[in-house]
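Thanks for coming, everyone. I'll walk through one model this morning, so please have a look at it first.

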Amino acid sequence: MVYLAFLLFFNLMSCFPSSHAQNTDLKLPLRAVNLGNWLVTEGWMKPSRFDGIINKDLLDGAHVQFLSTKLNKYLCAENGGGTVLVANRISPSDWETFRLWRVNESYFNLRVLNKQFVGLGNQGVKAVSNTPTHSETFQIVRKDDAPNRVRLKASNGFFLQVQSETLVTADYTGSSWDDSDPSVFNIAIVNTLQGEYQITNGYGPVKAPQVMQAHWDSYITEQDFKFISANGLSAVRIPVGWWIAQDPNPPKPFVGGSLKALDNAFTWAEKYGMKVVVDLHAAKASQNRFEHSGARDGFLEWGDSNIDETVAVIEFLAARYGGSPSLGAIELMNEPWAPDVTLDALTKYYKAGYDAIRKHTNAYVILSARLGPANPKELFPLARSLNRVAIDVHWYNLFTDMFITMTVQQNIDYIYNQRSSDLDSWISADGPPILIGEWTGEFGAKNGSMEDYKRYTKAELDVFGGATFGWAYWSYKCEENHWSLKWMIDNNFIQLNMR
């Protein structure tokens with residue numbers, strides 16, 4: 001009901017005058033760039049954004065393990081959760097890994113594999129609650145000169161201690177940091193997330209609005225749109241998060257302001273003759289567990305129960321921008337993960353999202369192919385049954401051992417052979433238009449020369465230029481140079497040759 005109320009209100013407040021706009025002047029194929037890390041945070045692209053956070057290594061979703069210095073054994077949620085904590089494992093795995101929910105810079109909830117939270121029980125410490133309360137909140141006290149040496153203070157004011165391998169309690173009052181102290185642990189941080197949830201919750205409700213607004217105002221400006229247009233690109237793909245539909249007062253810890261930035265993008269795009277692809281990069285409950293999905297702790301929890309609220313976000317965007325001459329397309333979801341996001345649930349959502357958009361505009365609707373064990377062709381029957389629909393695939397010669405072990409030339413050959421063959425098969429199958437919505441100049445081989453990068457990106461442009469809807473480079477700005485199209489252009493590592 002909350003989402004419906006927002007829609008009823010904002011449907012009357014479209015930024016642009018014409019509803020049910022046709023958007024028929026879209027010239028394909030698009031030559032686009034992604035504006036990543038602007039309205040949806042990806043910390044790896046500019047790590048310094050997190051520098052002002054106290055205990056910045058202990059953000060939401062950090063995977064941590066606790067080794068008892070007395071027993072030299074790891075804390076473990078027995079059976080992955082649902083029962084007691086023990087301290088009897090000599091090596092850590094999933095049961096010995098806890099995901100942080102940050103309450104503030106010192107206090108945390110600890111979520112276990114089966115999604116329960118660690119808390120106080122009648123006899124010992126347990127992981128049985130599905131919702132964190134005061135009883136499931138712990139202070140992580142770090143040793144001043146050794147921050148990876150910690151003690152866990154429970155809500156009752158006492159410290160956790162390992163009385164034995166099978167009994168962990170919260171009743172210790174000592175203050176020693178000696179190895180023999182049963183309340184002392186060595187903490188290992190084995191994985192972290194640096195997304196929108198982490199940065200806003202990390203800075204907190206007072207500082208986060210200031211930090212985020214300064215970022216939105218400076219990271220992408222009108223001058224960037226001028227640069228993009230001047231280099232022959234015709235569009236931008238802009239990732240947004242579900243919380244934008246409740247701007248200016250989104251649920252905490254998210255902060256308002258990203259909607260105004262998106263409004264500015266449409267204005268600048270119109271001024272420089274460009275199109276905007278609005279991409280729902282982060283769906284509530286996370287469709288792929290990655291930090292760029294807005295995930296709090298890395299669990300993928302999007303499913304059938306989230307369809308209506310996700311459609312409401314899409315309708316908000318269609319209502320607000322459907323009348324803009326700069327709207328090129330709306331992408332219903334970025335990179336849903338197979339098999340966790342089922343084809344059945346995704347199909348239901350894509351149909352409902354398409355219908356919501358068609359209430360306001362005839363702009364293209366983009367269906368992102370699932371990552372993981374899935375074939376983009378699985379979406380072809382749905383796409384053929386709808387009007388003005390494209391399929392988005394993302395191609396990186398990265399992230400798997402196969403590409404890392406390839407030479408530069410083998411990476412180039414893979415583009416000309418395998419990528420070209422895949423693209424040809426999809427196009428020749430009388431399928432929908434294909435968008436290669438993410439690709440980049442970086443590849444798996446190490447120590448490539450400037451000439452290597454020129455040859456590799458030329459191969460990508462040669463092959464990806466055949467995509468019938470177009471392509472979008474990831475990304476416009478990034479501190480990893482070969483991921484930054486602006487850096488690649490400024491330093492002559494890529495020749496777009498689109499004039």
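Let's start inside. This is a predicted model. Its largest nonpolar core has 103 residues, and the ones touching the most other members are L35, W38, F225, I238, Y349 and L367. Which helix gives the most to this core? Helix α5, residues 307-321, with eight residues. As a rule, nonpolar side chains in soluble globular proteins tend to be buried together.

Take W38 as an example. Leaving out residues up to four places away in sequence, W38 touches H215, W216, Y219, I220, I238, A261, A265 and W268.

Zoom in on one pair. Strand β15, residues 275-282, and strand β16, residues 327-331, run parallel and are joined by four bridges. Within that pair, V277 has A329 in β16 as its bridge partner.

Next, some antiparallel strands. Strand β9 covers residues 138-143, and two bridges join it to strand β6, residues 107-111. Those two run antiparallel. Y107 stands opposite Q139 in β9. On to strand β10, residues 146-153: five bridges join it to β9, again antiparallel. How many residues sit between β9 and β10 in their hairpin? Two. K143 has A146 in β10 as its bridge partner.

Now a helix pair. Helix α9, residues 408-428, packs with helix α10, residues 450-464. The angle is about 5 degrees, and the axes are 9 Å apart. That angle is under 35 degrees, so α9 is roughly parallel to α10. On the α9 side, the contact includes V408, I412, I415, Y416 and R419. On the α10 side, it includes D452, R455, Y456, A459 and F464. What is the contact made of? Nine nonpolar residues, three polar and six charged.

Two peptide bonds to look at are cis. One runs from L28 to P29, with omega near 0 degrees. P29 is in the loop between α1 and β1. The other joins A338 and P339, with omega about 0 degrees. P339 is in the loop between β16 and α6.

Then positive phi. N72 is not a glycine, yet its phi is near 55 degrees. N72 lies in the loop between β2 and β3. Buried or exposed? N72 has a relative accessible area of 51%, over the 50% cut-off, so N72 counts as exposed. A285, also not a glycine, has a positive phi of about 85 degrees. A285 sits in the loop between β15 and α5. Its relative accessibility is 27%, so A285 counts as partly exposed.

One more loop residue. T400 lies between β18 and α8, and is partly exposed at 36% relative accessible area. T400 and G444 are 44 residues apart along the chain, and their C-alpha atoms are separated by 8.3 Å.

Notes. Residues are numbered from 1 along each chain as its sequence is written. This is a predicted model: local features need pLDDT of at least 70, side-chain atom pairs count only at pLDDT 80 or more; totals for chains, interfaces and linings use all residues. Side-chain values use heavy atoms; hydrogens and water are left out. Two strands pair if DSSP finds at least two bridges between them. A nonpolar core is a set of buried Ala, Val, Leu, Ile, Met, Phe, Trp, Tyr and Cys residues joined through side-chain atoms within 4.5 Å. Buried means under 20% relative accessible area, exposed over 50%, partly exposed in between (1.4 Å probe, protein chains only). Contact means heavy atoms within 4.5 Å. Axes are lines fitted to C-alpha atoms, for helices over the stretch in contact, and angles run from 0 to 180 degrees between N-to-C directions. Angles under 35 degrees count as roughly parallel, over 145 as roughly antiparallel, 65 to 115 as roughly perpendicular and the rest as oblique. Ala, Val, Leu, Ile, Met, Phe, Trp, Tyr, Cys and Pro count as nonpolar, Asp, Glu, Lys and Arg as charged, and the others, Gly among them, as polar.
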